[in-house]
Amino acid sequence: MCRECKKPYYITTAIAYTSGKPHIGNTYEIVLADSVARYKRAQGYDVFFQTGTDEHGQKIELKAQAEGISPKAYVDKVAGQVKAVWDLMNTSYDKFIRTTDKDHEAQVQKIFKKLYDQGDIYKGYYEGLYCTPCESFFTESQLTDGKCPDCGGPVQPAKEEAYFFKMSKYADRLISYINQHPEFIQPVSRKNEMMNNFLLPGLQDLCVSRTSFTWGVPVDFDPKHVTYVWLDALTNYITGIGYDCGGEGTEQFKKLWPADLHLIGKDIIRFHTIYWPIFLMALDLPLPKQVFGHPWLLRGEGKMSKSKGNVLYADTLVDFFGVDAVRYFVLHEMPFDNDGVISWELMVERLNSDLANVLGNLVNRTISMSNKYFGGVVKNTGVTADVDQDLKDTVLAAVKKADEKMEQLRVADAISEIFNIFRRSNKYIDETMPWALAKDEAQQGRLATVLYNLAEAITIGASLLEPFMPETSEKILSQLNTDRRALDQMDAFGLYPDNGKVVEKPEILFARMDMKEVLDKVEAMFGTEEKEGNASEGKEENAEEKQPEEAVDIEAKEEITYDDFVKLQFQVGEIIACEEVKKSKKLLCSQVKIGSQVRQIVSGIKAYYKPEEMVGKKVMVLVNLAPRKMAGVMSEGMLLCAEDAQGNLALMTPEKPMPSGAGIC
């Protein structure tokens, strides 16, 4: 298919605010968008992936003054830092737009004038409480504990002449659109938040210009005003692809708009699902097909910010772990609708367990055995066994499931499906025992088929892995001397070339890391607080000595022997999904990942945990409990909880990061 014939797919990130170097939480978004863009390209779409920087506003002006340089010099420096991080993370964007680009600024002025001329913008005065970092006014009732509801920072009384946009004029139309297009705002929780907290209570007119600073796009017919940052910033999604206000627009704009996906952080969902759609309605342009508000990547219990001192940067993590390991971590550890957590300990654990043990060890063993037993030649002799079909079924099912997850933007779940291929392949090695087959001359044909099946499974898994870990995917396929498998060729098992030849010496993809050595190095570089992963957040320098907790005595049960105890199998599980049991007031139904398996477990903990709070938790599971139905739902194990004297329950969780499936003894 020629490129011109492919169906277009336009994806954007929020443009990064140039107040400083982006931290790993900011970087997560560009990596997430890149994985979606790469996957769409693999599906055959003609992808256009835009990102960039938001460079105007009072905060930038003040930072430039503090450094004694012009605002333009300041944003040039920071925009360079942003672009360097995006490039470091191997992101495949097609355009990097800056809101100081002259063509963008010219269109912003034309848009402002058009909206003014048609009566959507009018001049007035604004008096309210202003947050400088967020460039936003708030009323007293909108504050949270007297502070900005968005960033938690201080607000100051402010009054100035300003232009306003008539938001209420389009509110009913937007409400109707959202109701008719349930896919428009995702996840659903974000849609409910926007409808219930902002749209349904009624919209206030929006301030769209300022006079108290000068670093912004001037209103050309009233130059003492500069354009409000959100009207400036949001329009990048159309100016970057050739929109011409009042003109024809470029062929690229006609081809790409409306955007297929705006990928943004949940903290700016309001601007993208209320202000931006209304601006587009006023411009008589179609709305983007979907806005996805992703969760945050947290340190400890809080969002990363320089003021909290809990910031991690991508280049620092890359120096320790490598680009693809960092990409894997931020993509795999972020739940679909809940915040993820990052720490040095968890990074090391994931690298050792998932990347070194599961993936790296599999590739290394397969290539080494192919060289040892057949001089590197991989041949399918057709000598099969029942276990082969289970491997094939698992691989092909994982391909289908990963594709389904990507269609839902459940990227972490898609990666888990891909790693199920690698885990099943490792299990296949244990089941077939190639080293034992090699000792029997009569089993040479069977041994060859086993190694062929492994090469094929790894080829499919590595091909699927490319959007998420592109360098690793390329390295694996290079070692197998094969090309990346196209998605539409992954519905069959057995396309690896017969008599293919692997490299003579496998490359170590991921070397295991010693936890203590890493943490000692972190402490030497950054200090004890960074090593502990929470920086200054949550530390109480003069905290009072904790009072001893109340002890609880419970009735003793019948004594058991050691033989009774060892019959019980306890393992660490990771909750990957959870929902209420509709027929019960007490029960939650969790999907718990235990090693390579997923079990459904019903627990009477609804009074103590919400379903969304459960997702992502590592828990202790009794796995060999006989299945039984509870409220009509099958339960295949038990989550362990502690209970106090009042009957309150708390899930038992590992003290330190442990992999799913780890035994508890």
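Helices (H or I, at least four residues) and strands (E, at least two) are DSSP runs, numbered from the N terminus. By this definition, Asn 179 is found in helix 5, which covers residues 168-180. The structure is a predicted model, in which local features need pLDDT of at least 70 and side-chain atom pairs count only at pLDDT 80 or more, while totals for chains, interfaces and linings use all residues. Residues are numbered from 1 along each chain as its sequence is written, and side-chain values use heavy atoms, with hydrogens and water left out.

**The protein as a whole**

- The protein contains 22 helices and 28 strands.
- Its radius of gyration (taken over C-alpha atoms) is 28 Å, close to the 26 Å that the globule rule (2.2 Å times the number of residues to the power 0.38) gives for 665 residues, so the protein is as compact as a globular protein of that length.
- Along the principal axes, the C-alpha atoms of the protein fill a box of roughly 90 × 70 × 55 Å.
- Of the 665 residues, 53% count as buried; buried means under 20% relative accessible area, exposed over 50%, and partly exposed in between (1.4 Å probe, protein chains only).
- Contact means heavy atoms within 4.5 Å. Among the contacts in the protein with a separation of 6 or more, 74% come from residues 24 or more positions apart.

- Two packed helices are described by the angle between their axes and the distance between the axes.
- Axes are lines fitted to C-alpha atoms, for helices over the stretch in contact, and angles run from 0 to 180 degrees between N-to-C directions.
- Helix 17 (residues 444-465) packs against helix 18 (residues 470-479) at an angle of about 155°, and their axes are 8 Å apart.
- Helix 17 and helix 18 are therefore roughly antiparallel to each other; angles under 35 degrees count as roughly parallel, over 145 as roughly antiparallel, 65 to 115 as roughly perpendicular and the rest as oblique.
- The crossing of helix 17 past helix 18 is left-handed, a term used if the near helix is turned anticlockwise from the far one by less than a right angle, with right-handed used if clockwise.
- On the side of helix 17, the contact is made by Ile 458, Thr 459, Ala 462, Ser 463 and Leu 465. Helix 18 contributes Pro 470, Thr 472, Ser 473, Ile 476 and Leu 477.
- The residues of this contact comprise 6 nonpolar, 4 polar and no charged. Ala, Val, Leu, Ile, Met, Phe, Trp, Tyr, Cys and Pro count as nonpolar, Asp, Glu, Lys and Arg as charged, and the others, Gly among them, as polar.

**Helix 12 and helix 13**

- Helix 12 (residues 323-332) and helix 13 (residues 344-374) pack at an angle of about 105°, with 10 Å between their axes.
- That angle makes helix 12 roughly perpendicular to helix 13.
- Ala 325, Val 326, Tyr 328, Phe 329 and His 332 of helix 12 meet Leu 346, Met 347, Arg 350, Leu 351, Asp 354 and Leu 355 of helix 13.
- By class, this contact has 8 nonpolar, 1 polar and 2 charged residues.

**The loop between helix 18 and strand 18**

- Asn 481 lies in the loop between helix 18 and strand 18 (500-501), and its phi is near 55°, a positive value in a residue other than glycine.
- Asn 481 counts as partly exposed, at 47% relative accessibility.
- Arg 485 is found in the loop between helix 18 and strand 18, but Arg 485 is buried, with a relative accessible area of 6%.
- Not counting residues up to four places away in sequence, Arg 485 touches Glu 456, Thr 459, Ile 460, Ser 463, Met 490, Ala 492, Leu 495 and Tyr 496.

**Cis peptide bonds**

- The peptide bond from Gln 186 to Pro 187 is cis, with omega near -10°; Pro 187 is in the loop between strand 8 (185-186) and helix 6 (188-199).
- Trp 257 and Pro 258 are joined by a cis peptide bond with omega of about 10°; Pro 258 is in the loop between helix 9 (251-256) and strand 12 (261-265).

**Exposed residues**

- Asp 284, in the loop between helix 10 (269-282) and strand 13 (291-294), is exposed, with a relative accessible area of 64%. Although Asp 284 is not a glycine, its phi is positive, at about 60°.
- Pro 627, in the loop between strand 22 (618-622) and strand 23 (628-630), counts as exposed at 56% relative accessibility.
- Asn 179 is exposed, with a relative accessible area of 55%. The C-alpha atoms of Asn 179 and Glu 160, 19 residues apart along the chain, are separated by 37 Å.
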